[in-house]
Amino acid sequence: MAQTEGRALQPRVSGQTIIDELIRNMELGRLEMGYSILLPCIFSVYLHPDDYQRLVGVQDLIREDARRALNSRMAAWNTPKGSLFRRNNGIRKQCRIAQNDWWIELFADTENSVPPGDVEIHSELNDMPQPGYRGVKTTLIGREPSVTSARADRDRQSTRHQPARVFAEIRYQDDSGPQTFFVTQDEICVGRGGDDRTVDLPLYTSDEVSRDHLRLRRDPANGGFVIVDNSRNGTWLNGKRLERGVERPLPDHAEIRVAEVVKLSFEARR
């Protein structure tokens, strides 16, 4: 969407424009490894001050939609047909991120180096710089990025939120190997996910696990959790199958079996 001579109005950046560019940046910035593919999950988005002021009031909604879109694209790449790369033995590599969640922040370019209508994105794999990996810089209209890496690092560090409180820890192993998930929200959805279904804890396994298999919900008043099964193949809590759609208290230490395919070891933190 390059600017053309004689155009009376400057191009307008929309939330969808930003989301599309985040997905493009994520794809360009992937890092292939032996058994998996790491995707960038930290994004600093620079906008012209006029564009930033127009969107700053809805930036939380943009971030929420962007997370859903990024999760959906990653889930699509992890399907047999959408796999980006395969190992020598033909087994597909799993795409993953090196943190529990995406970090996306919008910045107004107060130095006026980002033109109106452009989106400049700087991304990293995680908070710790990777040897030989400097990150990816992209712009919407194909110009050379003007925000320096040092400035992007400084801005990101100065606006990083305080570490989220961890309410519980879930350890499990799926087709992508041993994993640990930290529960930092009052409600999480667990399942395979898909193009039209995003989940907080994606399980890369067989389709015996439903896309939206189960949910864990925390009561902020007492810190306790409940669990509800939404699946067709069932969920077991400490060896007992749950009744579908019925909430049950979740002990602070529990074993959750997902369709008898994946075992989740749950531990609440009080």
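**View 1. Asparagine 78, a buried loop residue.** At 6% relative accessibility, asparagine 78 counts as buried (under 20% relative accessible area; exposed is over 50% and partly exposed is in between, with a 1.4 Å probe and protein chains only). You'll find asparagine 78 in the loop between α3 (59–77) and β4 (94–96). Helices (H or I, at least four residues) and strands (E, at least two) are DSSP runs, numbered from the N terminus. Setting aside neighbours within four places in sequence, asparagine 78 is in contact with Arg92, Lys93, Gln94, Cys95 and Tyr204, where contact means heavy atoms within 4.5 Å.

A word on what you're looking at: this is a predicted model, in which local features need pLDDT of at least 70 and side-chain atom pairs count only at pLDDT 80 or more, while totals for chains, interfaces and linings use all residues. Residues are numbered from 1 along each chain as its sequence is written, and side-chain values use heavy atoms, with hydrogens and water left out.

**View 2. The second largest pocket.** About 270 Å³ of space lies in here. Of the 16 residues that line this pocket, the closest to its centre are Ala75, Asn78, Thr79, Arg192 and Thr205. A pocket is an open set of points on a 1 Å grid over the protein atoms alone, where a 1.4 Å probe fits, with protein on both sides within 12 Å along at least five of seven lines; lining residues have an atom within 4 Å of a point. Grid points are joined across faces, edges and corners, and the volume is the space filled by probe spheres set on the points. Sorted by class, the lining has five nonpolar, seven polar and four charged residues. Here Ala, Val, Leu, Ile, Met, Phe, Trp, Tyr, Cys and Pro count as nonpolar, Asp, Glu, Lys and Arg as charged, and the others, Gly among them, as polar.

View 3. Isoleucine 42 is buried at 0% relative accessible area, and serine 44 is buried at 1%. Follow the chain for 114 residues from isoleucine 42 and you get to arginine 156, yet their C-alpha atoms are separated by 9.1 Å. Beyond its neighbours within four places in sequence, serine 44 has contacts including Trp103, Glu120, His122 and Arg156.

**View 4. Strand β12 and its two partners.** Strand β12 (residues 214–218) has Leu214, Leu216 and Arg218 on a covered face, with Arg215 and Arg217 on an uncovered one. In a regular strand, side chains alternate between the two faces of the sheet. Four bridges join β12 to strand β10 (residues 187–191), running antiparallel; two strands pair if DSSP finds at least two bridges between them.

**View 5. A six-stranded open sheet.** The order is β9-β8-β18-β17-β14-β15, with antiparallel pairing. At the edges stand β9 (177–183) and β15 (240–241), each with a single partner strand, so one side of each has no neighbour in the sheet. Strand β14 (residues 235–237) meets β15 over two bridges, and leucine 237 has lysine 240 as its bridge partner.
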